[in-house]
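The following note sets out several points for a colleague who is examining this structure. Each point takes up one site or region in turn.

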Amino acid sequence: MWRQSRWNEPLIMEMSRRGRRGALPPRPDEKVVKEVGPLKLPQTLARGSPPSLPEVSEVEVVRHYTRLSQMAYGVDNGPVPLGSCTMKYNPRVAARLAFDPRLETLHPLQDDETVQGVLEAIYMVQEWLRHITGMDACTVHPAAGSQGELAGVLMIKRFHELRGDLDKRRVIIVPDSAHGTNPASAAMGGFQVVEVPTGDDGNVDMEALKAAVGGDTAGLMITNPSTLGLFEENILEISRLVHEAGGLLYYDGANLNGIIGRARPGDMEFDIAHVNLHKTFSVPHGGGGPGSGPVCVKRVEVVDGVTLEDLLPGPRVVYSREEGLYRVRPPGKWSVGRLRAWIANTLAVLWAYAYILAMGPQGLRLAGEVSVVNTNYFIRLMEGHWGYSLPYAPSRPRKHEVVLSAKPLKRETGATAEDVAKGLLDAGLYAPTIYFPLIVEEALMIEFTESETKENIEAYAARLKEIAEEARRDPSTPKKWPRNTNSARVDNVRANHPRTVTPTWRVEVLRRQGKLGPLR
């Protein structure tokens, strides 16, 4: 039986013992000291007391972090089929480039002439993404897909502001199958969000959309394929409706993996699109970062020769033919500005550079095709099982992901989607995204990507069926899962309570000592 490693692992600060050392700082060069004198920090930069750092030996550090890694699960252990937010396998050749020690010494303010290789790579990623998405210009400035979304919303806002109709263009339309960040980004941009439902066929309800589109429409945000894994069959009609009303179309690129090499947002008449390097192009995004959400646009005219390209956020890398050099161009007069301090999450962009270069256009297209094959093979394995159903157009093939419903299982045994997720953990398998999208009851959103083998997909499907049978034999069993992980089932309310968050090791020590008091 699989069992996760369990250790009564202390905090590294608790392991600290005065005088222990794992490394010694390098001694100052005697020649330098002789020439310039002792190296001292300016008094304005010096602290009043030394920083509180753990004092541990090298072997303790290595063993501590090795044990922590054995308590965790990642894409190096097995599939991470989260659906939409999934993380495909990260090729080691890309990791080797991203962790090149020469990159550690770069500074974002050094002269362009000294970093031509890095700037060329960034420029090439901008160009490749432009062609992959069928758009006209790109920036890799946004630090995440959510920030790319915000950039798109701000560009829609600036577009209408420059055209003088922002006062009446206050609505952004979002399908009910959209990622939650879409309405959040629209609201952050100051817009009213109008939701349109999904029809039984898995497409946007066109009658509802026609009723929602009007003179107050600033734009529409949509993911294609949708979070249901279905390609929006009416996308060209949707584009026509929004454009005729004077709005812009925004493409959420979270699901680009399902159509890459086969279809392009630009050909679907989108005006703005973001791409997730940390999904489609293999950059890891575990632990919250680093992500990267480049934004691409069509050269749609705004006013008087100003196009959407002029509105792009942040610095961009351009090629100066006169100088024969790559340059960092700061945001211009019409730009929505900077969304972060520097040009990009450079290491994430370089990771994607290596991946795209290694795959080539044929390889990227094949990756999308295999991800679709994997998803539909999984659907066939689960087809007809009494515990799970496939909502919305079950006869339509899915793209990169599928959303199953555990509603039949819950109805017969009381076991929920959360119980299913815990049962997967108990078998050493990573749980999918659950309870999303909200339009599917007891949702299990699953995406294997092109990385997973036939055997891994079969094992996952087999465990889902096994979970249902165990629940049928004894309905109390699922509530006891997981039993084989280093932590038992988490109290969801307590885990999401602000006082449960551990911002520093000192707070954790106080909690362990019982000095924080009960949650209120």
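1. The UniProt record, an unreviewed entry, places the feature "modified residue: N6-(pyridoxal phosphate)lysine" at Lys 279. The model considered here is a predicted one. In it, Lys 279 is found in the loop between β6 (272-275) and β7.

2. Is Lys 279 buried or exposed? Its relative accessibility is 12%, so Lys 279 counts as buried, the cut-off for that class being under 20% relative accessible area. When neighbours within four places in sequence are left aside, the residues in contact with Lys 279 are Ser 84, Cys 85, Thr 86, Lys 88 and Ala 254.

3. How many disulfides does the model contain? The count comes to one disulfide, and its partners are Cys 138 and Cys 296, with sulfur atoms 2.0 Å apart. Cys 138 belongs to strand β1 (residues 137-139) and Cys 296 to strand β7 (residues 295-297), so the bond ties together parts of the chain that are 158 residues apart in sequence.

4. Ser 335 sits in the loop between β11 (325-329) and α10 (346-382). With a relative accessible area of 6%, Ser 335 is buried. Apart from neighbours within four places in sequence, Ser 335 is in contact with Arg 158 and also with Asp 310, Leu 311, Leu 312, Pro 313 and Gly 314.

5. An exposed residue is found elsewhere in the chain. Leu 39 lies in the loop between α2 (30-36) and α3 (58-70). Its relative accessibility is 60%, and Leu 39 therefore counts as exposed, since that class requires over 50%. Together with Val 32 and Val 36, Leu 39 makes a nonpolar surface patch of about 280 Å².

6. The UniProt record, again as an unreviewed entry, assigns the annotation "domain: Glycine dehydrogenase C-terminal" to residues 368-473. Over residues 368-473 the chain is 49% helix and 9% strand.

Methods: Residues are numbered from 1 along each chain as its sequence is written. This is a predicted model: local features need pLDDT of at least 70, side-chain atom pairs count only at pLDDT 80 or more; totals for chains, interfaces and linings use all residues. Side-chain values use heavy atoms; hydrogens and water are left out. UniProt positions are given in the numbering used here, feature names are shortened, and annotations may be inferred rather than shown by experiment. Helices (H or I, at least four residues) and strands (E, at least two) are DSSP runs, numbered from the N terminus. Patches are made of residues with over 30% relative accessible area and no salt bridge: like charges are joined within 9 Å, nonpolar side chains (Val, Leu, Ile, Met, Phe, Trp, Tyr) within 5 Å. Accessible areas come from the Shrake-Rupley method with a 1.4 Å probe; for residues, only the protein chains shown count as cover. A salt bridge is a side-chain nitrogen of Lys or Arg within 4 Å of a carboxyl oxygen of Asp or Glu. Buried means under 20% relative accessible area, exposed over 50%, partly exposed in between (1.4 Å probe, protein chains only). Contact means heavy atoms within 4.5 Å. A disulfide is a pair of cysteine sulfur atoms within 2.5 Å.
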